[in-house]
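Let us read a strand, a sheet, a core and a ring pair in turn.

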Amino acid sequence: NSKRNGRGQIWRMDLEGKNMRQMTEGESDVSNARLLADGQTLIYQASVPPLGWVLMKKSGDGSLKRLTDMEVGSWDVSPDEKLVAYAAQNRETKKMKTFVCPLEGGAPLKVFDIDPNRTLRWTRDGKALTFDIARGDSGEIVLQPLEGEKKTLASFAADRFFWFDWSFDGKTFACIRGKHLTDVIVINTEDNMPK
């Protein structure tokens with residue numbers, strides 16, 4: 001993602017940092033892109049007023065398709081690139097839910113009562129979703145199978161998760177966790193004012 005032309009757009013370059021090519025164009029900013037295995041199809045979020053950040057699909061022929069008609073938070077494409085999972089607010093209940101839909105478009109195949117804090121990831125076998133939740137200053141990584149009950153995979157009583165992802169073999173995952181630390185400074189401006 002780069003703002004080299006004034007708006008946040010997706011660019012592509014080779015491994016040496018050369019041959020830069022803009023992949024998206026539009027009036028609005030775009031973010032969080034994923035290039036599919038064909039090297040041509042791009043899934044990304046675009047800011048579309050008044051909806052907010054929606055999911056878009058740009059095919060190799062240049063055609064654009066909006067995949068959602070609601071603002072999307074965390075999202076991920078399944079390993080076989082046939083499904084997309086995304087968190088969004090349900091219009092009727094006003095609660096966050098996670099939807100699993102065909103990448104080609106259409107009605108949701110599954111809807112889960114889960115609200116990822118920051119990260120939503122498919123397992124490498126494509127049979128489950130994993131996501132993080134925050135509970136005060138603690139955090140958990142939870143597994144939600146497409147069929148079955150969710151379960152906690154990892155829990156840290158004094159840390160939050162900032163990001164995680166699965167290893168290529170799907171047997172382990174790596175995560176970044178920690179705390180938000182802040183300081184308060186009091187500045188007395190009266191003593192520093194010229195007289």
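Reading strand β13 and beyond

A: Strand β13 is covered on both faces: S138, E140, V142 and Q144 on one side, and G139, I141, L143 and P145 on the other, are all buried. Buried means under 20% relative accessible area, exposed over 50%, partly exposed in between (1.4 Å probe, protein chains only). Strands (E, at least two residues) are DSSP runs, numbered from the N terminus. This is a predicted model: local features need pLDDT of at least 70, side-chain atom pairs count only at pLDDT 80 or more, and totals for chains, interfaces and linings use all residues. Residues are numbered from 1 along each chain as its sequence is written, and side-chain values use heavy atoms, with hydrogens and water left out.

Q: How many residues of β13 are buried?
A: In a regular strand the side chains alternate between the two faces of the sheet. In β13 (residues 138-145), eight of its eight residues are buried.

Q: Which strands does β13 pair with, parallel or antiparallel?
A: Strands of a sheet pair through backbone hydrogen bonds, either parallel or antiparallel. Two strands pair if DSSP finds at least two bridges between them. Eight bridges join β12 (residues 128-135) to β13, antiparallel. Here L129 stands opposite Q144. Five bridges join β13 to β14 (residues 151-156), also antiparallel. On that side E140 faces S155, and I141 faces A154. Five residues lie between the strands in the hairpin of β13 and β14, where G148 takes a positive phi near 130°.

Q: What is the strand order of the open sheet?
A: The order is β11-β12-β13-β14, four strands with antiparallel pairing. β11 (120-122) and β14 are the edge strands, each pairing on one side only. The twist averages 20° from one strand to the next. For such angles, axes are lines fitted to C-alpha atoms, for helices over the stretch in contact, and angles run from 0 to 180 degrees between N-to-C directions.

Q: Which residues of the largest nonpolar core touch the most other members?
A: A nonpolar core is a set of buried Ala, Val, Leu, Ile, Met, Phe, Trp, Tyr and Cys residues joined through side-chain atoms within 4.5 Å. Of the 14 residues in the largest one, they are I43, L55, W75, V77, V84, Y86 and L103. β7 (72-77), β8 and β9 each supply at least two residues of this core. Another core, of twelve residues, lies apart from it and includes L83, A85, I114 and W122.

Q: How many aromatic pairs does a search of the whole structure find?
A: A pair of aromatic rings is described by the distance of the centres and the angle of the planes. Rings of Phe, Tyr and Trp (its six-membered ring) pair if their centres lie within 6.5 Å; planes under 30 degrees apart count as stacked, over 60 as edge-to-face and the rest as tilted. The search finds one pair.

Q: Why is the pair of Y86 and F99 stacked?
A: The ring centres of Y86 and F99 are 5.5 Å apart and the planes are at 25°, so the pair is stacked. It links distant parts of the chain: Y86 sits in β8 (residues 83-89) and F99 in β9 (residues 96-102), 13 residues apart. Y86 is buried at 5% relative accessible area, and F99 is buried at 7% relative accessibility.
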